[in-house]
Amino acid sequence: MHVKFIGAAGTVTGSKTLVSVEGKSVLVDCGLYQGLKKLRERNWQELPVNVKTLKAVVLTHAHIDHSGFIPALVKQGFRGKVYCTPATYALCRVLLPDAGFLQEEDARYANKGRFSKHSPALPLYTEEDAWTALKHFEVVDFGEAFEPVRGLTAVFSRSGHILGAGSLRLDDGRRSIVFSGDVGRLQDDIMYPPEPLPPCDYLVVESTYGDRLHAQVDTRQVISDLVTRTCERGGVVLIPAFAVGRAQSLLYVLNELKKAGRIPSVPIFLNSPMAITATEIFYRFHKEHRLTPAQCAEIDGGVTFVRTVEESMALNNKRFPCIIISASGMASGGRVLHHLKALLPNHRNSILFAGYQASGTRGEALVHGADKVKIHGEYWPVKAEVVNLESLSAHADYEELLTWMKQTAHPPKKVFITHGEPLAADCLRRHIHERLGWEASVADYLEEAELG
Ligand SMILES: [Zn+2]
């Protein structure tokens, strides 16, 4: 078995690892690069993969940094299958066409405003390309063995990160390797904890929070204080949130706080067609999380879904306090940008970030105290209060990752660390070495390894 790290090496986006057995290969995750321009440019380069020998893609979860390159791969000639869990497929049917649509919209907007250096600006793929790619998908349940290529057995186990998210174990009969995928929290309001690391010879583990521990803050108290003081000064609370995962957790927490009288009874808007559909899928797959259908219905009753562009624009004219949840979570695109333009310049408003902010994103600039940010080619002053509540993240911190790893019955011979900024990845390497005594190294971009 041979592995080649062709994405999420030295960074948290663009997840892609090639696994080859006897000349046939499988791509584990096929994500889009986001954030720094240098990385985003890789989305436009030919993938360092022979598409002809690539037999299948196996997808650990639906987030765009893991799935968003699939339509581009199909455009490059990939004709194999894409295996994932049923909930991941349901979410990809929302996320991928939306990603295509957003790229078309951004290209149109750039051409209209002429602020793109590329003339005309082109989308990486369109909504239609995404629908074509979705025809290649095939679902497999957690715990169900399948063969993405002959001689390679694959099984998903739950990773607790978002709906449908799994870790993946591959076994060629001689060697086995586990890909952690994104690992969720050990304790979460709505998601079940990750299943223990399955026995394996090699492990590829994510390291998003490899150098950090989630602060032991009372997240409900922070949200309740922020919403209360923003409403008192007549402002709007804007929460940029990942449409899948965090948006649903936030709706749950806000509903709990409202019921307990811990936040004023102001309207809550979910302004992201994708987050709305993701929320509906979340209700539908209620066996996959802790919330009962009755709890889902209750949350549903307390939120206004904003579907059309007109309704979305009207939200910016609201003159009364309210809470708006909108995507994307790192303010890298989507409707949240229009809200930021309207809300950032006024000190009455608050922006609450609720998850990891990758380098080079507007979210990262804002949580680090930028006094202005560039949106749609123009700078906007930051007067609103900006709060970052990273402990709401859907990613395990390093203690949680170590706990997850040490539950295994059969420690791996070697661990490869991916999906983290360089410092985070190296810290996790040190923790694994010092605390577990396992051999570990940080995977470099395009690094290859023969797994003997
Ligand atoms: Zn993820």
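Modeller: Keep in mind that this is a predicted model.

Biologist: Which strands are the edge strands of the open sheet of 7 strands?
Modeller: The sheet is open, with mixed pairing. Its order is β7-β8-β9-β10-β11-β20-β21. An edge strand pairs on one side only, and that holds for β7 (146-149) and β21 (440-442).

Biologist: By how many degrees are neighbouring strands of this sheet turned against each other on average?
Modeller: Direction is ignored here. The average is 25 degrees.

Biologist: What is the bridge partner of Val-204 in β20?
Modeller: Strand β11 covers residues 202-206 and β20 covers residues 414-418. The two run parallel, joined by 5 bridges. Within β20, the partner of Val-204 is Phe-416.

Biologist: Which strands does helix α14 lie across?
Modeller: Helix α14 spans residues 422-436. It runs at about 175 degrees to β21. The strands it lies across are β11, β20 and β21.

Biologist: How many nonpolar residues does the contact of α13 with α14 have?
Modeller: On α13 the contact includes Leu-401, Leu-402 and Met-405. On α14 it includes Leu-428, Ile-432 and Leu-436. By class there are 3 charged residues and 1 polar, and the nonpolar count is 7.

Terms used
Residues numbered from 1 in each chain as written. Predicted model: local features only at pLDDT ≥ 70, side-chain atom pairs only at ≥ 80, totals over all residues. Heavy atoms only, no water. Pairing = 2+ DSSP bridges. Helix = DSSP H or I, 4+ residues; strand = E, 2+ residues; numbered from the N terminus. Axes fitted to C-alpha atoms, helices over the stretch in contact; angles between N-to-C directions. Contact = heavy atoms within 4.5 Å. Nonpolar A, V, L, I, M, F, W, Y, C, P; charged D, E, K, R; others polar.
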